[in-house]
Amino acid sequence: METADLIWQNGDLVPWDEAQTHVLSHGLHYGSGVFEGIRCYETERGPAIFRHRDHLDRLAKSAELYYMELPYTSEQIAAATKELIRRNGLRSCYIRPLAYRGYGNLGLYATDAPIDLVIAAFPWGAYLGEEGQKHGIRAKVSSWRRIGPGGLIPHAKASGQYLNSILAKTESQKAGYEEALLLDERGFVCEGSGENIFLVRDGQIVTPPHVASILDGINRKSVIQIARDLGYTVVERDVARAELYLAEEVFLTGTAAELVPVREIDDHALGEPGEVTRHLQAKFFDVLHGRAEEYLEWLDFVEVSAKADRPSKVSS
Ligand SMILES: Cc1ncc(COP(=O)(O)O)c(C=O)c1O
């Protein structure tokens with residue numbers, strides 16, 4: 001991975017290689033952590049964090065769902081993130097805040113273990129590749145079902161829950177595909193291993209609803225709004241597996257992947273990205289990069305001085 005100079009750890013900016021944790025940290029053993037994936041884009045007005053507040057609200061909600069009291073407010077985390085971006089001299093980056101139960105109690109009822117909070121900001125390109133973004137990716141319906149509300153909390157973005165995504169993603173990669181599509185416990189289409197899914201059928205844009213165990217994706221929400229503003233009909237409803245093969249177009253949305261067309265599913269060809277996908281993708285990228293006035297409120301600008309470029313490494 002590409003690195004940066006500094007990581008924010010429990011209130012301090014520390015050199016990247018020195019951001020360490022104790023091996024008996026609770027989160028390391030049980031996945032008791034919550035996190036976010038956020039992106040900051042270069043715009044004409046400087047670096048801008050996309051829907052920063054929405055991501056931090058989701059972080060706070062994920063923490064609450066797992067009975068974790070975050071040691072910092074969303075305002076403090078937002079300010080720390082901006083400071084980190086400035087100090088790392090980044091113009092665009094991926095941002096990863098993570099709160100986890102730290103060292104102090106290895107029992108399962110460990111509400112007295114400290115909550116550690118770290119924020120990393122570093123360069124990360126297109127998660128599913130530049131080619132994938134242009135021409136679409138190949139995806140496979142996973143044999144693993146997405147975690148359901150009977151055992152875990154699909155609405156939370158919690159570290160341990162990602163073992164489910166890892167199983168699905170690994171299976172798809174080993175079978176020669178770029179991404180996995182998971183069905184929910186009921187057998188309806190849910191989402192990708194790290195993205196929400198949209199289909200275009202008979203001119204309508206369709207996406208699985210909240211009862212299908214999806215993560216309430218921030219890019220999903222954004223694309224639904226952009227599509228409606230552009231005049232498309234967007235319907236949130238259950239999607240049968242076979243509809244994936246019958247769809248005119250399929251695309252995925254997520255912070256890491258952004259908006260990626262799907263060109264093949266389970267060896268059924270969908271072809272090059274269709275008209276609706278291309279239209280939405282172009283508009284979405286304009287929004288992310290601050291080129292769409294009407295969505296500027298979604299951008300949280302990071303004030304940087306004109307001269308602020310990469311600082312020299314901080315010595316330990
Ligand atoms: C399992 C899962 N679903 C969906 C998404 C898309 O969510 P968002 O658009 O908020 O990044 C993500 C990424 O965060 C994810 O990990």
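The lining of the largest pocket comprises eleven nonpolar, 13 polar and eight charged residues (Ala, Val, Leu, Ile, Met, Phe, Trp, Tyr, Cys and Pro count as nonpolar, Asp, Glu, Lys and Arg as charged, and the others, Gly among them, as polar). This is a predicted model, in which local features need pLDDT of at least 70, side-chain atom pairs count only at pLDDT 80 or more, and totals for chains, interfaces and linings use all residues. Residues are numbered from 1 along each chain as its sequence is written, and side-chain values use heavy atoms, without hydrogens and water.

**Pocket**
- A pocket is, on a 1 Å grid over the protein atoms alone, an open set of points where a 1.4 Å probe fits, with protein on both sides within 12 Å along at least five of seven lines; lining residues have an atom within 4 Å of a point.
- The largest pocket holds about 550 Å³ of space.
- Its lining has 32 residues, and Lys157, Tyr162, Ser193, Gly194 and Ala256 are the closest to the centre.
- H5 contributes the most to this lining, four residues.

**Ligand**
- The ligand sits in the largest pocket (more than half of its atoms lie within 2 Å of the grid points).
- Around the ligand are 15 residues (each with a heavy atom within 4 Å).
- By class, this shell has three nonpolar, eight polar and four charged residues.

- Polar side-chain atoms lie 2.7 Å from a ligand oxygen atom in Lys157 and 2.5 Å from one in Tyr162.
- An N or O atom in the side chain of Glu191 is 3.2 Å from a ligand nitrogen atom.

Conventions. A polar contact is a pair of N or O atoms within 3.5 Å; within protein, one must be able to donate a hydrogen and the other to accept it, and residues adjacent in sequence count only if both atoms are side-chain atoms. Grid points are joined across faces, edges and corners, and a volume is the space filled by probe spheres set on the points. Helices (H or I, at least four residues) and strands (E, at least two) are DSSP runs, numbered from the N terminus.
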